[in-house]
Amino acid sequence: MSRTPTTTDLSEEAMPTATTTRPAPGGPAAPGEHAEPGRVAGGLFDAGQLLRSLPEALRKLDPRTQVKAPVMFVVEIGSILTTVLAITDPGDWFGWAIAGWLWLTVLFANLAEAVAEGRGKAQADTLRKAKTDTVARRLATTDPDAAEERVPGTELRVGDLVVCEAGDIIPGDGDVTWGVASVDESAITGESAPVIRESGGDRSAVTGGTKVLSDRVVIKITTKPGETFIDRMINLVEGAARQKTPNEIALNILLASLTIVFLLAVVTLQPFATYAGARQDMIVLAALLVCLIPTTIGALLSAIGIAGMDRLVQRNVLAMSGRAVEAAGDVSTLLLDKTGTITLGDRQAARFVPVDGVRETELADAAQLSSLADETPEGRSIVVLAKERYGLRARHEGELGHAAFVPFTAQTRMSGVDLIGDDGAVRRVRKGAAAAITGWVVERGGSVSPDAREKVDGISAAGGTPLLVAVDDVDGPRVLGVVYLKDVVKEGMRERFDELRRMGIKTVMITGDNPLTAKAIADEAGVDDFLAEATPEDKMALIKREQAGGQLVAMTGDGTNDAPALAQADVGVAMNTGTSAAKEAGNMVDLDSNPTKLIEIVEIGKQLLITRGALTTFSIANDVAKYFAIIPAMFAGVAGYEGLDTLNIMRLASSQSAILSAVIFNALIIIALVPLSLRGVRYRPMSADQMLRRNLAVYGLGGLVAPFVGIKLIDLLISLIPGIG
Amino acid sequence: MSPVLAGVLQLAALVGALALVHRPLGDYLAAVYSSTRHLRVEKWIYRCIGANPSVQLRWPAYLRSVLAFSLAGVLFLYLLQRAQGSLPLSYGFTSISPHQAFNTAASFVANTNWQSYSGEQSMGHVVQTGGLAVQNFLSAAVGIAVAIALVRGFARSRTGELGNFWADLVRGLVRVLIPMAVIGALVLVACGVIQNFAGIHEIGQFDGGVQQTNGGAVASQEVIKELGTNGGGYFNANSAHPFENPNGLSNLFEIFLILVIPVSLTRTFGRMVGSTRQGYAILGTMGVIWLGFSALMLWTEFHHGGAALQEAGGAMEGKETRFGVAGSALFSATTTLTSTGAVNSFHSSNTGLGGGLDLLGMMLGEIAPGGVGSGLYGMLIMAVIAVFIAGLMVGRTPEYLGKKIGTREIKFAACYILVTPTLVLGFTAASLALATPPDSILNTAGNSVHGSGAHGFSEVLYAFTSGANNNGSAFAGLNANTQWYNTTIGLAMLLGRFLPMVFVLALAGSLAEQQPVPKTAGTLRTEQPLFAGLLVGAILIITGLTFFPALALGPLAEGLA
């Protein structure tokens, strides 16, 4: 909606704020997926995706690609080694079995990554359809009616001016410099309702690939072909631009060092075993190594990262870097614009407060009459309240006989009606900002009673906006009473903020209101802090202050004057409806332009980290059981080391079945955890303590116990095969 | 009183004494290392060594000071031993061979005190008291200094400065180790430990023949041997020798001396980072492991299955009757969980599982409570690793004490945990794979190709575990005075001491540069028992996974037989 100044602008909101309240659309979701509204959740996962991704997974076996995942590269070397050994002794079914399952382990890891990437590719294809080759109508001069030449969209340069008329596809990203048009942006946002784009102000940005539905605009191109928003979007969802995030790199270092430790443990085992008189088969050592190195997390790490970005895309948020997604998980201060985020876009009439000696219905009647010509949401809410509370039906011009309506303007800051009675007497009814009405009454020779002033001040102090209602008729000019306009806090916001507080995130409400009003709304909404009468400079100063204290700050913004703050914030989410300057400055763009989504973005960031941590813990805890399977299998049969059979607590059938079971479990667990890594670990807002307790119990203890059960079951199965048990 | 009850009471007495002392001592240490004042004697020392104690050093400079000082120590000790033949008060002992002199010099500078020699048969007064005992003080002070530098890394922000090594070193000596050693030595003398400069006494034996007994400044060396978690005995029998450790009381006091500084340093840590509860979480982690190991050790030594052993009230082989099973088991668990390496019984004679506990205690990295200084920094490194994994699980970039554990930090921590496993497993494997080193294994009771089985393997594994972790205790049963073992164990000791210090100081520098992250409800609370429990689990699992195959082929195969 537009930021038309209203009668209520006693305390003008200084900053442009995003006020979109339309529902979040489904977005360009991949086939077979549903973006769930509200809470963090991933798309569903179906087994067909595995099959479709198989060719890509096989392609990734190329050592040059595989080496990028060091843990799995080690497994691939193990697979090659065991295959060669199996070939030299083709009669040994055990060698073939181990080699086969090691290959499957690598393949499963590649499959996980391929499936994650495949989901992005489906989205990229949808986007590519929007990026059809366009012909641009380039203008020779800045004159909107200058001569045009037709050039391919790909030849446009930054600064070129192009004309688009109804039916044209906008050839590149840019700003409208002349005209107004309605634009269909569904190719990017998935939202079918057209949006208005006009020159100047905060709604001038247009995106290449979107379609002009009406009117004619001149657009100044601001991005080079190939670097447009849609190009970047395609790169992002395809994972082509994916860089490892700082946390992922750190985790990779830890995994690499664990791999080295286990490599060392296995390589040195051979001399130890030889000394014990139990030289080990290379195939068995390769199997042990693969079981010990953290293959589970190593296999799923990149899938988790891709899926995290994907979850954002499903919510119509584009992160310009993975770093930003990770930073979102760390955010400790959220700056939220009041209007549109915390409160509904508009103030609404909540009560009629008559001055002494005036009946409430009389006031309501006057307020309604004076608001009939006020098309602002505030004016309409007065009419609605009068009807709901006092049964006063809205009257139309015709019903009122001789009536001259005085429409609301930003200059007069009041609206009203002049009713000319049958006797020719004129009854003037006015409603508007306290100062404007006071002026009107005084001008007409009346005065505002102390009682009315008191009521006005009372409402202001309570955080509301007072509107005065006055009449001037046979009894002279006088004030009838006050309309109490209130900011309406969106439903469920208090609970949201409570959740955030439990997660350790401080919320700061940003508003142009005066401190009194701001405090009242802040208290009602339950935010931790507020910044009243905020200017862009104040906002910037607040961000810097928070950052100096070590906080990570996230904010949303859409206006050009938000750009510096968006750039300064650790997570800056620009609204898609915003200017290109804002979109350039932020590190995420919300295609739905829904500022409340910041909270979801934080949750997705956290979920990404939690999934990595949980699977790492699970992967390491798994190793304990594998040792208990493999070490007795290796040595319990050796004279002098029979005692090690005590460690075979799973009572596995034979040495070979024990080792094979461990390897099979190790491979299958990867496939079993693919859905979890794509969906992300279940996340509910709670304190760090509760979260750690829960995840340790599920993934730590679970990781310790699960393989004991799994290996035993696999062993039971394969020991049924003749010649193994 | 039953021996088991005696064991439990000794354990309780230790816990009580440490509970009493750690607060004042920890607070005192924090004050010493935070003070800006210099004592007069310290000023003299600074003038003599030409150091400016007020200059703040960044980590590379701090590290250079540590390494330069330690290198000088190695060279000095090496030359002193090589020149012993021409030194006075040497009982006529000759100069030490190059490889053994290298080994011994490395050993004492690295706070290991692995001894491939018998003190009373090779080292005179000058080397013992002027060289080895002095290094006992110096190497301990270096360890504390590095730990304090790491603590400062956590405590400071937006600076790369870690303090001044020379000030930390001198203060550790002048204000901590020397005064404590004087008091401790007096207590030991009161318990009956000898302190003299007498020569060799020859005492006739009942069955004919002559036994030689040395005098020496034993109490003064004994006290710093325990207090500085050094472990190098004046005599070959170490704390099993009646001149070093005459009775049950002196035994308990020596265990107390081993534990007192490492335990108190957790309080110092809490003080310096501004949250004593963080210190207690670390202490709790150490305490759980130490109590667990002690209890297991008591159990396995008391409940050995053999009939003769049961008759003796437990596995008495290799133990002194004046300490009994309990006094020996407690000493044994404590010495291997710290980097001390003093012994009052033969670890080789422990039960299979008991020997395994000794090995595992060292393999944990000697962090419960560990060596002076090294225990704290080793534990903090493990805490960094545990925080990293746990921190991810609460959905934030992991942070510890307000400092983010990012790529750089995890790189240094990961390198740290790679050092000792590489040294231990690498050198052990080489010793078994090569032709001659296995000949040093004296045990021949097995049935493998080399005829020494699991126990023989444990002997080699123990030697390198002890060396690389700077413990210094020996499993016995291995002739380590060969060129191969003197050289490799010497290298293991030096690399096992100073490579980790490189990573610790680099980590400290990286942490000190950071701006602290404020604590919120979303912050992982590392002062909670939950985190301490997680830390215990992480330590046991990571170490267990690394060494499980080796432990299986040594003590487990023996103990489970």
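A: **The largest cavity**

In this predicted model, the largest cavity holds about 380 Å³ of space. The count of cavities of 30 Å³ or more comes to seven. The lining of the largest cavity is made up of 28 residues, and those closest to its centre are Leu364(B), Gly365(B), Tyr416(B), Thr420(B) and Asn469(B).

Both chains take part in the lining: α8 (246-275) of chain A supplies at least two residues, as does each of α14, α15 (407-433), α17 (483-513) and α18 (529-559) of chain B. The largest share, five residues, comes from α14(B). Sorted by class, the lining has 14 nonpolar residues, 12 polar ones and two charged ones.

The loop between α13 (352-363) and α14 (374-393) of chain B contains Pro369(B). The peptide bond that joins Ala368(B) to Pro369(B) is cis, with omega at about -5°. Most peptide bonds are trans, and most residues other than glycine have a negative phi.

Asn113(B), which is not a glycine, has a positive phi of about 65°; the loop between α4 (98-109) and α5 (119-122) of chain B is its place. Asn113(B) counts as buried because its relative accessibility is 0%, and buried means under 20%. Arg651(A), also not a glycine, has a positive phi of about 50° and lies in the loop between α22 (597-635) and α23 (655-679) of chain A. With 47% relative accessibility, Arg651(A) counts as partly exposed.

Terms used
Residues numbered from 1 in each chain as written. Chains lettered and ligands numbered in written order. Predicted model: local features only at pLDDT ≥ 70, side-chain atom pairs only at ≥ 80, totals over all residues. Heavy atoms only, no water. Helix = DSSP H or I, 4+ residues; strand = E, 2+ residues; numbered from the N terminus. Buried < 20%, exposed > 50% of the residue type's maximum accessible area, 1.4 Å probe, protein only. 1 Å grid on protein atoms, 1.4 Å probe; cavity = no way out; pocket = protein on both sides within 12 Å on 5 of 7 lines; lining within 4 Å. Points joined across faces, edges and corners; volume = space filled by probe spheres on them. Nonpolar A, V, L, I, M, F, W, Y, C, P; charged D, E, K, R; others polar.
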